[in-house]
Amino acid sequence: MVTVEQLQDDNFLSQCPPPLSLQGIFSDIRIPLYRFGSNSVLDNGSVGGISCLIEEEQSVLDSILLAQWEDRMWKGLFRYDVTTSEIKVIGGRRKFIAQFNEGWSRDCMPKLGKNKIRHQKDVFEFSWMERQEELLFCVASGEKLNPELVLSAAVPDCGLLITINSSPVEYGHVFLVPHSSYILHQFLDARSLELVLRVAVEVNNCSFRLFYDYSPSASHIYFQACYLQIPLPVEFMPLDTFFGNGQEGMRISSVTDYPIKTLVFESNHLNMMMVVLAEICSCLQEKLIPYNLLISDHGKRIFLFFQLHTSENFCTLSAWECGGYFVVKSRSEFDQATEHALLKQLTTVSLDDEGFQGVKRLCCTIASKFAS
């Protein structure tokens, strides 16, 4: 089993298969750079003081993300204007969400292709490798106490690349691509998860959601993020807590009365939750259990969805679909969408009861190790 200690060990990482090199791509690029402050809330205590109820001042990170995204929208880099798409809540107990969007296509997701730099087959291609104007900015750790924005900087050695999704699902839809030493990460690790959680905290916008879909065939990982008009249906579902580390510690719960097997991790102290979740995801990858992540509530709530392992597909559904948000291209399919049909779609790909119980035991074992 790959442990968190191994994931944080540079010697271990150096023994992994060689990922995609980006050195030639970044050599002449200068982009905005947002550096986190050295005083991270992930390391130094609770984020409970951040409230969804008071957002009188827009955060710097939220402002630059939306400004850069809207700039690319006005420059015509998107396939369509997602803000004009028709959205409705489907009748029924779960309140699933459907969007009618004739222009949307899964083909605009990073897809298998050939890496022209290293002549490798079967790597994921991002369109910004050829169209650098789709690269918005970079996020990285900083040495100063407070966060800072550098308007024009070279791409740093380690951070998150923020790029547009030219076929957006929602307003502000972007890719977040972890990289270090000019390479792209091949698996979800604690460092990447830490950067993404810090983004969730510092964007400080209740509409902001982050997503991750595990794929064993990916040559590198990427997260996605967007701003949702209303919370996802899964966020309203009742919970059954089966692990708790004190009143101020981390809780792990199962989502009840929901068609796809789902766990929720909740904590105001994000560092321990991040480390626990990274090791859990490592074990899931080792066991070839497909999963998706949804990060909400400023990083304080993380939903972990489990799908069936089949020989044909991993993660048949995206994280936002697991959460109850569906994009359809047909007007008739949109008009005739029912809760019954979507329940069947989610139930079909869900991990079975026996597998779910095994995953819950795994989570308790790992969480107890770090809680003790």
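This is a predicted model: local features need pLDDT of at least 70, side-chain atom pairs count only at pLDDT 80 or more; totals for chains, interfaces and linings use all residues.
Taken as a whole, the protein chain has 372 residues, and 53% of them count as buried. Its secondary structure comes to eleven helices and 18 strands. Contacts that reach across the sequence carry much of the picture: of the contacts with a separation of 6 or more, 72% are between residues 24 or more positions apart.

Helix packing comes next. Two packed helices are described by the angle between their axes and the distance between the axes. Helix 7 (residues 270–286) turns up in two such pairs, one with helix 6 and one with helix 11. In the pair with helix 6 (residues 190–203), the axes come within 9 Å and cross at roughly 140°. An angle over 145 degrees would count as roughly antiparallel, and helix 6 and helix 7 are therefore oblique to each other. The crossing is right-handed. On the helix 6 side, the contact uses Ala 190, Leu 193, Glu 194, Leu 197 and Val 201, and these meet Leu 270, Met 274, Leu 277 and Ala 278 of helix 7. By residue type, that makes eight nonpolar, no polar and one charged.

The pairing of helix 7 with helix 11 (residues 353–371) has an angle of about 140° too, with the axes 10 Å apart. These two helices are therefore also oblique to each other, and helix 7 passes helix 11 in a right-handed crossing. Helix 7 puts in Met 272, Val 275, Val 276, Glu 279, Ile 280, Cys 283 and Leu 284, while helix 11 brings Val 359, Leu 362, Cys 363, Ile 366, Ala 367, Lys 369, Phe 370 and Ala 371. The tally for this contact is 13 nonpolar, no polar and two charged.

On to the strands. Strands of a sheet pair through backbone hydrogen bonds, either parallel or antiparallel. Strand 2 runs antiparallel to strand 3 (residues 97–100), and four bridges join the two. Within this pair, Ile 87 sits opposite Gln 99 of strand 3.

Strand 11 (residues 208–213) is largely enclosed by the rest of the structure, because five of its six residues are buried. It is joined to strand 12 (residues 223–227) by four bridges, with the two running antiparallel, and Leu 210 faces Ala 225 across that pairing. Strand 11 also pairs with strand 16 (residues 291–296), again in the antiparallel sense and over four bridges. There, Asp 213 stands opposite Asn 292.

Once neighbours within four places in sequence are set aside, Ala 153 is in contact with Ile 29, Arg 30, Ile 31 and Leu 33. Tyr 34 lies 119 residues away from Ala 153 in sequence, yet the C-alpha to C-alpha distance between the two is 9.6 Å.

Note on methods: Residues are numbered from 1 along each chain as its sequence is written. Side-chain values use heavy atoms; hydrogens and water are left out. Axes are lines fitted to C-alpha atoms, for helices over the stretch in contact, and angles run from 0 to 180 degrees between N-to-C directions. Angles under 35 degrees count as roughly parallel, over 145 as roughly antiparallel, 65 to 115 as roughly perpendicular and the rest as oblique. A crossing is left-handed if the near helix is turned anticlockwise from the far one by less than a right angle, and right-handed if clockwise. Contact means heavy atoms within 4.5 Å. Ala, Val, Leu, Ile, Met, Phe, Trp, Tyr, Cys and Pro count as nonpolar, Asp, Glu, Lys and Arg as charged, and the others, Gly among them, as polar. Two strands pair if DSSP finds at least two bridges between them. Buried means under 20% relative accessible area, exposed over 50%, partly exposed in between (1.4 Å probe, protein chains only).
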